[in-house]
Structures are given as structure tokens and as C-alpha cells.
Amino acid sequence: MNINKLIITLAFCFSFLTNAQTNQYKGERDKVNDLVHTKLDVKFDIPNSLLFGEAWITLTPHFSPTSKVTLDAKGMLIHQVMINGMKAPYNYFENKELIVELDKTYQKEEKYTIYIKYTSQPEKVVKMGASEAKGLYFIDPRDEDTEKPTQIWTEGETENNSVWFPTIDTPNQKSTQEIAMTVPKEFVTLSNGTLINQKENTDGTRTDIWKQEQKHAPYLFFMAVGEFSVVKDTWKGKPIEYYVEKKYENVARDIFGKTPRMLQFFEDLLGVEYPWDKYSQIVVRDYISGAMENTTAVSHSASAYQDKGELIDENSWESTIAHEVFHHWFGDLVTAESWANLTMNEAFANYSEYLWFEHEYGKEYADDYLMTANKKYFKGGDKSEKKHLIRFNYDSPNDMFDAITYEKGGAILHMLRNYLGDAAFFAGLKKYLIDNKFGTAEAHQLRLALEDVSGKDLNWFFNQWFFGKGHPKIKIRQVLGQFEQKVTIDIIQNENVFEFPLTIDVYEQNGKASHKVWIDGQRRSFEFPLSSKLKAVVVEPTGTLLSEIIHEKTLDEWIYQYDKAENYLTRRNALEYISKDQDDAKAFKTMTKALSDKSFKLRIFALENLDLKNKYSKGTAIKVVENLAKNDKYTLVQAAANITLAKLVDPKYINHFSKAMNSESYKVVESAVIALYQLDKQNTLQKVDALSENVKENMSEVLTGYYLENRDDKYMTYISKYLIRNLFFSRDAKTANTYKSAFQWIAESNNKEAISNLVNSLTIAGKQYKKYGGDIAATNFLRQMVDLQRKTDNTNKKELELVIRTGMARLME
């Protein structure tokens, strides 16, 4: 699952963890019985959000003989349980576990099938106050929302599919499956595996039967129902499908079209054939995560939807698409045996994003992506540093979906790859996948596979990175020897000592020398001879080591580092320091040089940080910026250049900015609006009125601020769509107060459409705020809204009361 899982799943359990057992060991669930095959026949009462199901669950004892089986079945009505055609005695324990007495004692490898007739009540699971998500989701089931289609979809991770079918809901189980879904005939369906049969029924419904013959974990079972356009590709004779709403049919390939090439790239890289019979992707409404790797039937949130104007700039969902593709090897083919080992799924999927970008756009692009990912991990601070990558003492499985499991895990794989070399690393992954295919694994099995291939002992690496916590924090002390004939480099770690290889680049007047050293203590000292004047020293130039390094240097050293270094991260690191000292002519000259860097990411960084406050003395730099705004091949660079020019507040650029508003790129248009607004507010707003709704929606944060500044009633409906979202995420007190004032402005108006817009925006924004840990602030804000409600007139009072009550109720789902 994508990293957004961290943000999403915590929202469902923030107030329901009172029964959590802190520091209780949570390992792999014991196997008493093993799933073999799951056959389901399901029908839906859509208006009442119910599923009527029949299940045939085939199992076998794992090792010891057994005369009973315990199935997970949350919040159901159990109507009938049978075995071999006879009623079976059962106990439905706490509305969560179905304990069935078998008709005899079964031996290892002796199969038996249990029949269960049941009703799934996902809304009851929510009312029970369970920490689990409800597994089965009915979207606009009564067709009340004109802006939202009726859909049904499922979300199994972590152990939520047992809300809609009885199973042993744990990742160390694997089962083949067959699902018959009866739905209104105007709907299409999607599930795992192949659609083997469709039958039109006399009551206006249709029954679709999906079958997957390869076994996979219960949390990967999936269903979706709704009105979708299906855009079809093929790869190696296998169906590749994109299920999207009709209005996005013409951009489906623009969004998902690289999928076949991703499948081919990862198959070639791993040397392991894609093991499944198809690859479908579906975009659903109100999804609780970013995306989910349901085997052969990946689900995506509506954030995947993008217009051509956005896609011209970049496909913001490309990393997620790659992430879910790679899961079909790491997570689906070989599954982490327990949630404690979740990183065995997610670290690989996270790292696949780097691998794809490296392949598709080059190493510099990928290194920039890795840098951003590492910053997400570092942002966690002490809280992150106290957690092990593999950890058995979590409170809830949802706690495992964090930047340690994802970003840190991916960075660790990157270090491991660089230590072993590509050949050994990918050969080791191939062995790991083949040895454990259609099964489960833990970190030790990865270590053993890599050791077997490489011939290297890796206990030291796994002990500190997989089973340890934190990361190296290093201080560099650099001392130039007498007569400048040598340089001494001291590597000093804090109390959490790591062992690792390290590269030190020493730049002299005569060239560069790279030294590879081994760090195995709190303090190590190295001397390197010099044959000419020392210009700069770069420790860990590749950015491979997940670490925090403090190395004080002079401005001249940073400039030399930028000028001479080949590695992207080394250049980027130098520019960060140089950008802080642009009053120095040499620093500004280097920033100007960076405007023409070969990496468009660094060109953007230079544009965003270029200091033009003394613009009359910086004409050369301004000319470069002007050229970038007009001619750079990347629209993101053009947009950044426009923003830089906007800081000059110079009327001579009005024609350029006006022309830029006609660009196909949404980012270029937005940058032009920002620039023009500083020069002529009213005319700019008139120009914005002529833009398409899609373009205006894409720049909602900017336009909401401008419209609020003008407080024109004609913009009230637009403002109401985005007001609360921006309020919840505002980090600026002044801006937040502006939004609160605007809420009252809308509440006291007669614009019922604007008031009703607050229902959805409040619900969505409130949930998002809670997901970031702001539940108390969210609740306090809602209370303020109640106070505002009391001040409104009777006409709008009921409307606003509906907003608040609906928002409160949905926030607590």
C-alpha cells in the first residue's frame, strides 16, 4: 500500500485505542488451520449498505489434528453454518470470531469445507467502535449526491476483509478464490483474477464470476462495483485495464499508460516472471487510502485523476502506480508473514519508486526523489528514531504504516544495494522471491538469500538496520596538516554507533581522489596525503548513507563543491548553503550558474532561492530567468521562472504573463496569475473568470486567497468549496483567522449552495486534519462552528446545523 496508508488508517483508530496493550509482543499468528480455497456468492442491498453472502471455505489442519476452526467474521449476522451438508455447531464470539465445531477430527493435509450463510453489516462494525476500518464501503448508496456516483468497493489491509466474508484474516494465510457478484446490470464489476462468466438475470441484475487460481493473502481479496469506463491495454498477452469514470476515459492512458512498461522493467530487473493473469487498476471515490495492491485489481483514490494540463507538468501519481506494480512481487507473491514485518512488503514497494524513476528519468531525478523521501523520515525526529524497522511491540497494526516502514525501509534497501552491488543485490532478490513464492517471509529469509548469493555475512547490517533503531549522526572535523601536505578527517558519531562503509572525496587543485573507508566505532580518524592545494572535502558524496552529517565549510569550499561535483545530491547540498549567502558576489554568481544546471530539479531550486532584491545589479541573472520562463523544455521550470520574475513586480512582463495564461500547463497558468495579480488585481481576476473550471480548481489555494481578499459575493460559492480545507491545513495564524472570518461571512449569507458545500469540505478536511494528529484542534474548531451557527439567522441555521452535525458524525466514523 502507498505511504498515504499511514495518514489514512490512523484516522480510523485515533479514539478507539483504549484497549491497546502497549509493549505486548505481537508476532506471526499461530497456524492451526490453513486456508486452501475461498468461494463466495454475494448480493447487495445497496440502499441499506448490506451484503448477503454465502461462503464455502476449504481448509486443512496446519500440522496437528483438529476438530474445530476459528474464523474471523466481524459484525455479521450468521444465518447458517454447515459442514458436509449437515448443520455444524458454532459459537459467534464477541461478534468477531466464528468458532465452528467440525464433524470429526481432521488430520494434516485432510481437507474440509465449511458453508456459511451470512449478512455483512459494515456500518455496524463502525458503530461497534472497532479500531478496524469497515472493509466494505458503499459510496452514495441511496443516490443522493448528484456530484458522486454510487459505488461499492473493499479495502482489506490490515485485517478488514473479514467484515465482508469469513476467513482467517491474517497475512500468513494464503488461499485461491472464486467470487460470484450479483449487481444491477448497468454496473461493471472488478475482482481478483479472471472474469470467467457473466449471466443476465430476469430481475435486472447480472451475476459476474471472478476466479483466481493462484493463492494470495486474505487482505488482498477485492471487489468493486459501479459505473466505470474500462480502457484496455495488453502486455505479453495479458489484459491491462484501467477502470475510470467516464469523464476521465480520455486521460486514462495518460495517467496509467506506463503500466505495461513498468511490468516489463520490473520483471526484467528481478528475473522473476510476473506471476498473475492480468493487471487491472480502478479509481474509486472516497477511498480511505492512497492506493492498495489488491492482487491483479489495484485500487486508487480519486487523487489519481488528473487533467491533461496537470499531466503536461508531471504525472503526480506515477510513483504510486510503480509502487503498486512492484507489490505484485513483494507483498502479493511473497507476503510479510506478520504486520511486524510489514516493511518486507512496503520497503520494497517504496524503493521501487526510486528504481522506476532511475530507469525512466535518470539517476539525478531518482536521487532527488530519494532525498525527499529521506526528509520525510528525518521529519519524525526522536519519535522515529526510537522505532525499529522490524518491531513486534506496536499497539495496532495500523501503527506500522509510517515513515520507518516505508521511507526508512526503502533507504535501507538502497544502502544494501550499493554495498552488495547491483548484480548480487538483484540476484539475491530473485532467490528470495523464488524460494518463497506464493508464501510468506520475514527479514531473516531476505538476509539468507542475499548471503547465499553474495557470499557475504550480512548479520551486522540487518542487526543495526532491520532490527535496530535510529541512524548515524556524524560530525566531521577537518584539519589541514603542516605545510598543507595532508588532511586529517575525523568521523565522530553520537552515542548510537553504527558500522558502515564510507566514501570521502578529497578535491585538490590537481584533481579529485576518492577514498573508501570503514567506520566501526564512535570516532575514527583518517589521513590523506595532498599533492596540491586542498580545495574541498566531501564526506559521503553519493547520499547513499541514511544519516545526518554536520560538516562546516567555508563559502569557497561549498562553491568549489558545486562547481566540481558530479553527483546530484552533492551539488544540491552545496547550493543549499550557497543560497544563504547571496550578498557575497561569488555566491550569487554560483546561484546564477545553477540556473543552467543540467538537472531541471536544481534549476527549479536555484529559481526558488535566487535573491533578486538588488535587481539593478543582477541583470545577467534576470536575463537567464527570462529565458527559462520562455524556453525551458520543462513547464515546471517555466512556472518557477515566472514566480521569480513576479518578485520584480515589473510591468514590462505583463505581456509575457498574459501570454502564459494561455499555456496548456496548469502550473504555468497559475504562475502567470500569481505574477499578474501583483501588478493589476482587478484585471487579473477578470482574466481568471475566463479560465476553465478545471484550471481554476487546480489553483484553488491561490484563488481562494485572492477571492477572500476581495470578498465579492460572486466568488462565495467557489470559496466555500475550499475554505475549510485551507483552514485546517493553514500553518499561519493570520491566514487561519481570515478563513474563520470567511466562514462566518458565508454562514450569515443567503447563499444556500455555498453553505451546503461546507458539508463535504468540512468532512474531508476534518478527517485529513485528524490524520495528521490534530484531532483536538479539529474538535475545537467544530465547536467554534457551533457557536457561529447560533449567530446565524433562522433560514441558514438549519443548513449550518446540518453541516456541523454531519461533519461531526463523519469525523467519528
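Two strands pair if DSSP finds at least two bridges between them. Helices (H or I, at least four residues) and strands (E, at least two) are DSSP runs, numbered from the N terminus. This is a predicted model, in which local features need pLDDT of at least 70 and side-chain atom pairs count only at pLDDT 80 or more, while totals for chains, interfaces and linings use all residues. Residues are numbered from 1 along each chain as its sequence is written, and side-chain values use heavy atoms, with hydrogens and water left out.

**Strand β4 and its partners**

- Strand β4 (residues 77-83) pairs with strand β8 (residues 112-120) in the antiparallel sense over six bridges.
- In this pairing, Q80 stands opposite K117 in β8.
- β4 is also joined by two bridges to strand β5 (residues 86-87), and these strands run antiparallel; here M82 stands opposite K87 in β5.
- β4 and β5 form a hairpin with two residues between them, and N84 in the turn has a positive phi of about 55°.

**A three-stranded sheet**

- The strands of an open sheet follow the order β26-β25-β28, with antiparallel pairing.
- Because β26 (511-519) and β28 (534-539) stand at the edges, each with a single partner strand, one side of each is left without a neighbour in the sheet.
- Nine bridges connect strand β25 (residues 500-508) to β26 in the antiparallel sense, and L502 stands opposite V517 in β26.
- Helix α14 (residues 555-564) lies across β25 and β28, and runs at about 75° to β28.

**Two packed helices**

- Helix α19 (residues 635-646) and helix α21 (residues 666-679) pack at an angle of about 5°, with their axes 8 Å apart.
- That makes α19 roughly parallel to α21, a term for angles under 35 degrees.
- Axes are lines fitted to C-alpha atoms, for helices over the stretch in contact, and angles run from 0 to 180 degrees between N-to-C directions.
- The contact (heavy atoms within 4.5 Å) involves residues including L636 and I643 of α19 and V668 and I674 of α21.

**The chain as a whole**

- The protein chain has 29 helices and 29 strands.
- Buried residues, with under 20% relative accessible area (1.4 Å probe, protein chains only), make up 58% of the 813 residues in the protein chain.
- Among contacts between residues at least 6 apart in sequence, 68% join residues at least 24 apart.

Note on methods: Parallel < 35°, antiparallel > 145°, perpendicular 65-115°, else oblique. Buried < 20%, exposed > 50% of the residue type's maximum accessible area, 1.4 Å probe, protein only.
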